[in-house]
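Let's walk through this structure together, from a helix to the nonpolar cores and on to the charged side chains. Keep the 3D view open as you read.

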Amino acid sequence: LPTGLHVLFDRTDGYFPKSDGVRNFGTALLGQQGVSHIVVYMGMGEPADAPDVVPTANIMVDRNLFALAPRRVTISTVAPTPQSFAKLGVAPVVLAWSVHSSRDDIRKELVPTTKYSMVELRQGLITALQGRSKRLRNIMLEVTLLDQINDSEADAEHLAEFCRPIFEEVNKLKLVVNLIPWNDISASFGPASAYRKPRMDRVLAYQKVLVERGILSYIRTTRGDEEDAACGMLSTKNSKTRR
C-alpha cells in the first residue's frame, strides 16, 4: 500500500450491503493500491449505526492483512448518543467527532438529529477515551465554520472551554481541532442555501483563540471549489499552528 494512505470512514446516507460489507470494503481498498495516497469512503451512513465499521477498521490495521498504522485510519462520527464513542472506540484507530459547535442551540440547528446535550456527549467521549490504551487516547474535533453562524471568536472561546474537562479528565490525551471552512455549493433551497463560506480572517482569528488556549488546531483547504464539489474539504493544510 502507498506509504501515505489515509482512510476515512465518513457520514452521509448509505452503507455497504449488510451481507457483504466487509468483503466489499476490502475489494475497494485493494483497488486503490498504487493509485492514490488518500482514500476517502463516503456514503457510509453514521458509523455508530453501521455494523461493518469496526470489523473493517480491524482488517485495515491487522498486521497480517493491510497492516495500516492505526493513526492512518479515522472513524468520524456525529455521535448520535454518548455511547457512540465507546462502541466505535473498540477499533484501534483514531476517533473524530463532528462537533461543528459546542453551543447546544447552534449545534441543534446544524445537526438536527441530535438528541443529547453537548455536555452529555462530552461525558460519553471522556469515558470512552479513559477506557482506551494511552496510545489511543486521541480525538479530532471537527468544526465546519459557517459565516456569521459559528465562526466568531466567542464561539472559539466557548469551544476551548468545552474542551477543558476533556484535558483534565483524560490522562495522556491528544486532542486536535480541525477547522473546515464551509465549501459554498451555492444551494438554492434547503438549509444549505443560508450558509456561506467564512472570511479567512475570521477563520484565522478562531484558530488563534484555540492556539492561545493551548489547543492544537488545523485549517483544512476546500479543494474542489472550482467544480462546486460538495465534499471538497478533506485536505489538511501543510502549514500547522501549534503552541
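In this predicted model, helix H2 spans residues 53-61, and its buried residues are Val53, Val54, Thr56, Ala57, Met60 and Val61. Because they cover an arc of only 165° around the axis, these residues sit on the same side of H2.

From here we can turn to the nonpolar interior. In soluble globular proteins, nonpolar side chains tend to be buried together. Here the largest nonpolar core has 46 residues, and those with the most contacts inside it are Trp97, Ile139, Leu159, Leu175 and Val177. There is also a second, separate core of eight residues, with Val78, Trp182, Ala192 and Tyr195 among them.

You will find Arg122 in helix H5, residues 118-130. How far away is the nearest side chain of opposite charge to Arg122? That side chain belongs to Glu169 and is 6.5 Å away; Arg122 is buried yet has no salt bridge, given that a salt bridge needs a nitrogen within 4 Å of a carboxyl oxygen.

Other charged residues do find partners, and the structure holds nine salt bridges. In one of them, Arg202 pairs with Asp151, with the closest N and O atoms 2.8 Å apart. Arg202 lies in helix H7 (residues 200-212) and Asp151 in the loop between strand S5 (138-145) and helix H6 (153-169), so this pair ties together parts that are 51 residues apart in sequence. Are these two partners buried or exposed? Both Arg202 and Asp151 are buried.

Another salt bridge joins Glu161 and Arg213, at 3.1 Å from N to O. This pair, too, links distant parts of the chain: Glu161 is in helix H6, while Arg213 is in the loop between H7 and strand S7 (216-221), 52 residues apart. Glu161 has 36% relative accessibility and so counts as partly exposed; Arg213, at 35%, also counts as partly exposed. Both belong to a network of salt bridges that links Glu157, Glu161, Arg164, Glu168 and Arg213.

Finally, look at Asp201 and Arg199, whose side chains meet in a salt bridge of 2.9 Å, N to O. Asp201 counts as partly exposed because its relative accessibility is 45%, and Arg199 counts as partly exposed at 46%.

Note on methods:
Residues are numbered from 1 along each chain as its sequence is written. This is a predicted model: local features need pLDDT of at least 70, side-chain atom pairs count only at pLDDT 80 or more; totals for chains, interfaces and linings use all residues. Side-chain values use heavy atoms; hydrogens and water are left out. Buried means under 20% relative accessible area, exposed over 50%, partly exposed in between (1.4 Å probe, protein chains only). Helices (H or I, at least four residues) and strands (E, at least two) are DSSP runs, numbered from the N terminus. The arc is that of the directions from the helix axis to the C-beta atoms. Lys and Arg count as positive and Asp and Glu as negative; His and the chain ends are not counted. A nonpolar core is a set of buried Ala, Val, Leu, Ile, Met, Phe, Trp, Tyr and Cys residues joined through side-chain atoms within 4.5 Å.
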